[in-house]
Amino acid sequence: MEKIFLIPPSDMSDKLPFILTLAGITYPDAEYKIYRECSELYVIEYVEKGAGTVICGGESYRIEKGDVYILPAGFEHRYYSDKKEPWKKKWMNVSGELCERLTEIYGIDKRVHFPKTDIGGLFDELFDYLAKHPADNERNSYSAIIFHRMIQRLAENSEKKHTGTAQNVKSFIDCNIYRKINAELVAEKFRFSVSQLSRLFKREYGVTVYNYILEQKIATAEKLLQNSSLTVKQIADMLNFTDEHYFCNIFKKKRGVTPGRIRK
């Protein structure tokens with residue numbers, strides 16, 4: 001069973017950057033399931049009780065009490081209740097370019113599952129407004145503000161819960177410095193966007209992930225130049241630089257001298 005707030009479309013809907021399509025509350029139902037082959041909507045849901053499964057982008061997530069999930073437009077959406085513990089959840093379906101832009105700005109555009117993040121009160125604010133103003137022309141503007149606050153809270157809570165991420169990232173880079181490694185690969189491994197991971201890392205170490213990787217490669221190259229008989233080309237190859245010329249240019253930019261000068 002569901003309580004649904006129907007949002008009648010306005011004449012300007014196609015031109016708005018944010019459109020609230022549907023919102024509501026789903027009550028426990030063991031047979032509850034939703035499937036969209038390629039959704040045109042963004043879906044944000046807060047689980048107040050129970051559990052269930054969400055599948056998006058080929059990944060499966062176990063969603064439990066207190067969790068939030070966001071399903072982006074352009075993907076398959078498949079989600080269903082646990083039969084023994086069917087969920088009660090609050091949700092809204094939205095569309096418009098603002099959805100994508102906000103998740104990108106706050107660095108959570110690559111994430112689906114946000115464990116233990118209470119945004120139930122924000123949904124209550126939205127539902128209260130929709131109940132009192134069923135035909136208000138400002139409903140899209142109001143719901144956009146609520147959506148923005150939800151995204152802020154998800155991003156803030158995500159960063160608090162990953163205070164150890166920077167240390168783990170540093171260890172991963174240090175242990176894989178001879179691999180072809182970059183910020184995108186590291187972000188994908190730790191399930192963050194590049195911007196969000198770099199923000200976390202810079203807060204801890206004062207540099208971005210990209211700059212840390214580059215500095216560690218140059219520092220390793222410097223030690224090899226000083227303490228081995230490897231050629232400059234061999235060192236460039238070992239550290240997975242594109243080619244010797246690129247390595248020499250980067251090295252000189254970072255150290256002020258060429259690798260050959262260091263060797264002498």
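Tutor: A residue counts as buried when its relative accessible area is under 20%, as exposed when it is over 50%, and as partly exposed in between, with a 1.4 Å probe and the protein chains only. Leu-225, at 2% relative accessibility, therefore counts as buried. The structure is a predicted model, in which local features need pLDDT of at least 70, side-chain atom pairs count only at pLDDT 80 or more, and totals for chains, interfaces and linings use all residues. Residues are numbered from 1 along each chain as its sequence is written, and side-chain values use heavy atoms, with hydrogens and water left out.

Student: Where is Leu-225 found, and with which residues is Leu-225 in contact?

Tutor: Contact means heavy atoms within 4.5 Å. Helices (H or I, at least four residues) and strands (E, at least two) are DSSP runs, numbered from the N terminus. Leu-225 belongs to helix α7. Once neighbours within four places in sequence are set aside, Leu-225 is in contact with Val-232, Ile-235, Phe-251, Pro-259, Ile-262 and Arg-263.

Student: What should the residues of α7 span, and which of them are buried?

Tutor: The expected span of a helix is 1.5 Å times one less than its number of residues. The 19 residues of α7 should span 27 Å, and the end C-alpha atoms are 27 Å apart, so the two values agree. As for facing, an α-helix has 3.6 residues a turn, so residues three or four places apart point the same way. In α7 the buried residues include Val-209, Ile-213, Lys-217, Ala-221 and Leu-225. The buried residues of α7 pack against α4 (165–175), α5, α6 (194–205), α8, α9 and α10 (259–263).

Student: How does α2 compare with the span expected?

Tutor: Helix α2 has 13 residues and reaches 18 Å from its first C-alpha to its last, close to the 18 Å expected. Its buried residues are Gly-120, Leu-122, Phe-123, Leu-126, Phe-127, Tyr-129 and Leu-130.

Student: Which residues have the most contacts inside the largest nonpolar core?

Tutor: A nonpolar core is a set of buried Ala, Val, Leu, Ile, Met, Phe, Trp, Tyr and Cys residues joined through side-chain atoms within 4.5 Å. The largest one here has 32 residues, and Ile-44, Met-92 and Phe-147 have the most contacts inside it. Among the elements that give two or more residues to this core are β2 (19–26), β4 (42–49), β9 (88–95) and α2 (120–132). Helix α3 provides the largest share, seven residues. Beyond its neighbours within four places in sequence, Phe-147 is in contact with Phe-18, Ile-44, Met-92, Val-94, Cys-99 and Leu-102. Another core, of 16 residues, lies apart from this one, and Ile-181, Phe-201, Val-209 and Ile-213 are among its members.

Student: What volume has the largest pocket, and which residues are the closest to its centre?

Tutor: On a 1 Å grid over the protein atoms alone, a cavity is a set of points where a 1.4 Å probe fits but cannot get out, whereas a pocket is an open set with protein on both sides within 12 Å along at least five of seven lines; lining residues have an atom within 4 Å of a point. Grid points are joined across faces, edges and corners, and the volume is the space filled by probe spheres set on the points. The largest pocket has a volume of about 750 Å³. It is lined by 28 residues, of which Tyr-61, Asp-109, Lys-110, Arg-111 and Val-112 are the closest to its centre. Strand β6 (59–64) and the helices α1 (97–105) and α5 (183–189) each supply at least two lining residues.

Student: Which residues lie nearest the centre of the second largest pocket?

Tutor: The second largest pocket has a volume of about 280 Å³. Its lining has 13 residues, with Ile-181, Asn-182, Lys-217, Asn-240 and Tyr-246 nearest the centre. Helix α7 (residues 209–227) gives the most to this lining, four residues.

Student: What phi has Asn-240, and where does Asn-240 lie?

Tutor: Asn-240 has a positive phi of about 60°, although it is not a glycine. Asn-240 lies in the loop between α8 (232–238) and α9 (244–255) and, at 36% relative accessibility, is partly exposed. Lys-116, also not a glycine, has a positive phi of about 45°. The place of Lys-116 is the loop between β10 (113–114) and α2, where Lys-116 is partly exposed with a relative accessible area of 47%.
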